[in-house]
Amino acid sequence: MEHSGGCVCGAIRFRAVGDPLRVTICHCRWCQRRTGTAFGTEVVFNAGQVAIAGAEVGRYRHVSDESGRWLDIEFCPRCGGNLGFTLEAAPGLRTLPAGSFDDPGWIRADRVAFRHVFLRSRRDWSELSPLVETYERHFRA
């Protein structure tokens, strides 16, 4: 299985090979601000499954006020398109935002394990599927 995608302007492209480990949907306030919506939807891969090409990727390091650990957010410096992140808490893993795949139709809860985390911050207008795992905080907490 191979899936490709990229930023909004096309200056940066990625390719992910093989099945993802899971999809994490994070409802924390920080992800709400980061995405401008109710949650962030990230497809989680082993770093070696992902290749990124094109323009140089921009990075911003955020340190969690709750755990004190960092997340390196990656984006296109030209269009600002979200390209996922890596986490101090999960070395060797990286995420790709579900909406940045060319054809995200394969990302389905009946094919890939889904986890909703930080439900304590969930907006009332975001519905949950009965096919997913749910956690009030993070599943590692």
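## Close-up views of a predicted model

**View A. The cysteine sulfurs around Cys-79.** For the sulfur of Cys-79, the closest cysteine sulfur belongs to Cys-9, at 3.8 Å, which is too far for a bond. The model shown here and in the views below is predicted. The sulfur of Cys-76 has its closest cysteine sulfur in Cys-79, 3.8 Å away, and this separation is likewise too far for a bond. A disulfide requires two cysteine sulfur atoms within 2.5 Å, and the structure holds zero disulfides. Cys-76 is buried, with a relative accessible area of 1%, whereas Cys-79 is partly exposed at 32% relative accessibility.

**View B. The hairpin of strands S6 and S7.** Strand S6 covers residues 58-63 and strand S7 residues 70-75; the two run antiparallel and are joined by six bridges. Among the paired residues, Val-63 has Trp-70 of S7 as its bridge partner. Six residues lie between S6 and S7, and in this turn Gly-68 adopts a positive phi of about 80 degrees. Trp-70 also takes part in a side-chain contact: the charged end of Arg-61 sits over the Trp-70 ring, 4.0 Å from the ring centre.

**View C. The hairpin of strands S7 and S8.** S7 also runs antiparallel to strand S8, residues 82-87, and four bridges join these two strands. One of the paired residues is Leu-71, whose bridge partner in S8 is Leu-87. Between S7 and S8 there are six residues, and Gly-80 in the turn has a positive phi of about 80 degrees.

**View D. The aromatic cluster of Phe-14, Phe-45, Phe-101 and Trp-106.** The model contains three aromatic pairs. One of them, formed by Phe-14 and Phe-101, is edge-to-face, with the ring centres 5.1 Å apart and 85 degrees between the planes. This pair links distant parts of the chain, since its members are 87 residues apart: Phe-14 lies in strand S2 (residues 12-17), and Phe-101 lies in the loop between strand S9 (93-97) and strand S10 (114-117). Phe-14 is buried, with a relative accessible area of 4%, and Phe-101 is buried, also with 4%. Phe-101 pairs with Trp-106 as well, edge-to-face, at 5.4 Å centre to centre and 90 degrees between the planes. Trp-106 counts as buried at 10% relative accessibility.

**View E. The open sheet of strands S1, S2 and S5.** The three strands are arranged in the order S1-S2-S5, and their pairing is antiparallel. Strand S1 (2-6) and strand S5 (50-54) stand at the edges; each has a single partner strand, so one side of each is left without a neighbour in the sheet. On average, neighbouring strands of this sheet are turned by 20 degrees against each other, direction ignored. S2 and S5 run antiparallel and are joined by five bridges. Among the residues in this pairing, Ala-16 has Val-50 of S5 as its bridge partner. S2 is also the strand that carries Phe-14, a member of the aromatic cluster in View D.

Notes. Residues are numbered from 1 along each chain as its sequence is written. This is a predicted model: local features need pLDDT of at least 70, side-chain atom pairs count only at pLDDT 80 or more; totals for chains, interfaces and linings use all residues. Side-chain values use heavy atoms; hydrogens and water are left out. Two strands pair if DSSP finds at least two bridges between them. Rings of Phe, Tyr and Trp (its six-membered ring) pair if their centres lie within 6.5 Å; planes under 30 degrees apart count as stacked, over 60 as edge-to-face and the rest as tilted. Buried means under 20% relative accessible area, exposed over 50%, partly exposed in between (1.4 Å probe, protein chains only). A charge sits over a ring if NZ of Lys or CZ of Arg is within 6 Å of the ring centre and within 35 degrees of the ring normal. Axes are lines fitted to C-alpha atoms, for helices over the stretch in contact, and angles run from 0 to 180 degrees between N-to-C directions.
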